[in-house]
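Good morning, and thank you for joining this meeting. I shall present one structure today, beginning with the terms and then moving through each chain in turn.

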Amino acid sequence: MSKSAQPGCANCGASLAHEQTGLSVQGWNYVVALAGNPNTGKSTVFNALTGLRQHTGNWPGKTISRAEGGFRIGNDRYKLVDLPGTYSLLSASPDEEVARSFLLFGRPDVTVIVADATRLERNLNLALQVLQITSRVVVCLNLVDEARAHGIDVDTTGLARDLGVPVIPTVARDGEGIDALLAAIRDVATGSLVCSPRRVRHPNPALRAAIDRIAGHLRKDYPHLQQAEWIAQRLLAGDTRIRQAVESGELAELVDSPLRETGVPA
Amino acid sequence: MSSGTEQPSGLLAEVDRMRWAMPPQAHDRWVEHLYAEAAGIAEHRVAAAGASTRRAWERRLDRWLTSRATGVPAMLLIFAGVLWLTIVGANYPSSFLAANLIDRGLPFLKGLADAVSLPWWLSGVLLDGMYLTTAWVVSVMLPPMAIFFPLFTILEDFGYLPRVAFVLDNSFRKVGAHGKQALTMCMGFGCNAAGVIATRVIDSPRERLIAIITNNFALCNGRWPTQILIATVFFGALMPGPLQGLTATAAVLTIAVLGVALMFGTSAFLSRTVLKGVASTFSLELPPYRPPAILRTLYTSLIDRTVFVLWRAVLFAMPAGLAIWLISNIHVAGQSVAAWMIAGLDPVGLLIGLNGVILVAYIVAIPANEIVIPTILMLTVLTTGMTEVGSGAGVIFETQGAPLSALLHAGGWTTLTAACLMLFSLIHNPCSTTIYTIYKETGSVRWTVWATLLPIGIGVVLCAAVAAGWHLLAG
């Protein structure tokens with residue numbers, strides 16, 4: 001079970017993998033990533049989905065590296081990866097970098113964005129960024145009980161229409177909504193539900209043209225690259241980490257030997 | 001990583017060309033646009049039905065817990081409460097475990113060993129060495145951990161830790177460190193290795209290094225039992241009955257607060273000398289208070305922390321027990337190796353208010369702080385000759401015949417020894433696991449050496465100063 005468990009790390013119930021690559025997918029049909037702002041209850045959702053009892057804590061930044069677990073729907077086995085919380089995919093502290101790299105290059109079959117229903121606006125900032133990278137997304141609108149207690153009511157049907165992906169209200173602590181979440185994950189993973197995510201385009205036409213041009217260049221250099229627009233946009237914004245990935249050939253490596261083939265049962 | 005190699009296709013050159021031609025602040029405008037979209041959706045889909053009652057009490061509580069005037073006293077009071085519950089509560093299960101595992105278990109096992117006529121050295125190694133050390137670790141460590149960790153976890157689940165960060169933020173900024181260091185410090189109160197890993201939440205490499213090097217000043221679970229035991233035996237005993245628990249709590253809290261003070265001091269020193277720079281800003285949201293799920297918390301903290309840490313201690317205790325038995329039973333020139341070491345280190349030990357036994361114990365216990373106290377007890381038994389059963393050279397310890405304080409006093413301990421041991425236990429090199437973790441996280445031998453030698457240097461100087469001051473005052 002333990003892959004590269006940290007010695008002395010008293011809080012890691014599940015096995016941890018700190019490297020950006022090296023996710024073992026043997027025996028799994030699908031890979032699901034859990035992303036979201038810090039302290040929205042990702043680890044609690046992780047526990048609710050997997051039945052594991054990974055330690056959770058009520059403070060932002062608790063999960064600093066990937067934790068992995070698994071669950072089963074029908075005959076399919078899903079690998080679940082709990083990512084560190086991030087406010088955005090634009091800056092990169094070491095813990096945010098773990099999440100960003102995995103979403104970009106780990107190519108999860110489904111990305112579950114855990115959002116805090118009491119702070120929807122800020123949580124949507126990240127959700128919209130994730131939707132730029134992948135279309136296979138389920139939004140888990142967590143903590144709806146707290147929202148209710150605060151007198152906040154979120155129109156999940158309307159929100160799902162706005163975002164173009166399923167939105168499932170949950171109270172992960174009590175297991176509320178987890179069945180519906182599992183069903184949505186299954187639908188997106190198997191392809192029986194195809195999302196049409198809201199892709200925010202750049203407001204400036206000149207920059208839009210520049211992004212398209214660089215994206216075209218990227219697609220020529222890396223035919224398998226799936227997030228060319230996003231990488232083009234980051235390159236033009238002067239993102240040193242992404243630039244480094246191009247310079248060092250890391251991008252080529254990641255694209256040519258993805259962590260896994262999508263949807264192929266092992 | 002080979003940087004600077006130009007792509008054959010000229011991708012980066014094209015990027016650079018286009019970046020020059022870009023309208024100013026195009027990127028910022030894009031982020032603004034994205035956030036405006038998010039705001040638009042949220043406004044459209046969220047209906048807030050007036051103010052809620054929950055927010056009102058949360059605000060009131062936050063005023064008490066995070067305000068300038070009451071934040072720090074509230075924090076001290078909360079931690080004192082946790083410590084007091086641990087000290088008072090751990091007493092009973094501790095003596096129960098000691099009575100069963102040591103006073104009853106050991107003679108029983110020795111009888112068993114005699115019945116199957118085990119050779120003396122084998123029963124010595126297995127029972128007097130490994131079993132006894134392990135039994136000591138379990139009875140000294142398990143009860144405080146089983147109380148302290150769940151209480152700490154409940155505080156964490158409730159949402160108190162970010163408030164600690166909020167209260168201490170200004171102080172950390174003043175010493176040129178990152179405010180999130182308060183969070184990694186709190187993790188360090190559990191385990192320094194975990195605390196060092198937790199520093200990944202700090203973006204700035206300079207401030208992260210400061211947080212890594214100073215994390216050792218957060219008293220970890222391997223050292224809490226030492227503090228609690230010595231404080232109870234020496235400082236609690238100075239007071240009449242009902243005040244004993246409070247006095248011991250005050251002593252332990254003083255040490256923990258001193259640790260935090262040292263963390264600030266060394267952080268300031270580092271950020272003014274070898275790690276110069278100003279603190280970077282960051283935002284930390286205060287999460288809502290969440291009623292902790294008490295039963296689940298008890299379960300997870302028992303499985304994740306208590307059992308995990310105890311298992312580690314047992315793993316280290318067994319070989320250490322073996323080592324203690326061996327150095328006590330291998331004789332060179334008419335004296336056991338342990339006796340030679342103790343005699344050799346005694347002058348140095350006394351100079352810094354300790355003694356040879358304690359220093360030898362710290363050498364034996366380099367792998368894990370958890371086993372310092374058991375090692376001290378065994379070596380003291382050996383040197384005072386307060387042994388009972390066995391072949392005379394066995395490392396036997398009987399709590400019934402010789403209460404802890406009587407034993408330690410017979411070993412020449414004074415209140416000064418106790419005070420210096422508590423100080424030294426706070427301020428010495430990190431355990432081997434933490435040192436290894438520091439090396440892995442920093443990837444630098446230089447900073448690992450800094451993190452190892454800085455605390456022990458401070459510890460020796462401070463203990464020597466206390467000892468000198470004590471002797472000056474005493475006569």
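Helices and strands are DSSP runs, numbered from the N terminus: a helix is H or I over at least four residues, and a strand is E over at least two. This is a predicted model, in which local features need pLDDT of at least 70, side-chain atom pairs count only at pLDDT 80 or more, and totals for chains, interfaces and linings use all residues. Residues are numbered from 1 along each chain as its sequence is written, while chains are lettered from A and ligands numbered from 1 in the order in which they are written.

Let me start with chain A. Chain A is divided into domain 1, residues 16-190, and domain 2, residues 205-256; such bounds come from an automatic or database domain assignment. The contact between them takes 6 residues from domain 1 of chain A and 4 residues from domain 2 of chain A, where two residues are in contact if their C-beta atoms, placed from the backbone, lie within 7 Å. On the domain 1 side, the elements giving two or more residues are helix 2 (94-105) and helix 3 (120-133) of chain A. Helix 2 of chain A gives the most to that side, with 3 residues. By type, the residues on the domain 1 side are 4 nonpolar, 1 polar and 1 charged. Here Ala, Val, Leu, Ile, Met, Phe, Trp, Tyr, Cys and Pro count as nonpolar, Asp, Glu, Lys and Arg as charged, and the others, Gly among them, as polar.

Two residues of chain A deserve a word on their backbone. R107(A) is not a glycine, yet has a positive phi of about 45°. R107(A) is placed in the loop between helix 2 and strand 5 (110-116) of chain A. It counts as buried because it has 21 C-beta neighbours inside 10 Å; the cut-offs are 20 or more other C-beta atoms within 10 Å for buried, 12 or fewer for exposed, and partly exposed in between, with C-beta atoms placed from the backbone. L143(A), also a residue other than glycine, has a positive phi near 60°. L143(A) lies in the loop between strand 6 (137-142) and helix 4 (144-149) of chain A, and with 27 C-beta neighbours inside 10 Å it counts as buried.

I turn now to chain B. This chain has 19 helices and 3 strands, and its C-alpha atoms fill a box of roughly 85 × 60 × 55 Å along the principal axes. Of the 475 residues in chain B, 46% are buried.

How do helix 17 and helix 19 of chain B pack? Helix 17 (residues 415-426) and helix 19 (residues 445-474) of chain B pack at an angle of about 160°, with their axes 9 Å apart. Axes are lines fitted to C-alpha atoms, for helices over the stretch in contact, and angles run from 0 to 180 degrees between N-to-C directions. These two helices of chain B are therefore roughly antiparallel; angles over 145 degrees count as such, those under 35 as roughly parallel, 65 to 115 as roughly perpendicular, and the rest as oblique. Residues that meet include L416(B) and F424(B) in helix 17 and G459(B) and W470(B) in helix 19 of chain B. Their contact divides into 10 nonpolar, 1 polar and no charged residues.

Finally, helix 4 (residues 71-115) and helix 5 (residues 120-158) of chain B pack at about 160°, with axes 8 Å apart. The residues of this contact comprise 24 nonpolar, 6 polar and 1 charged.
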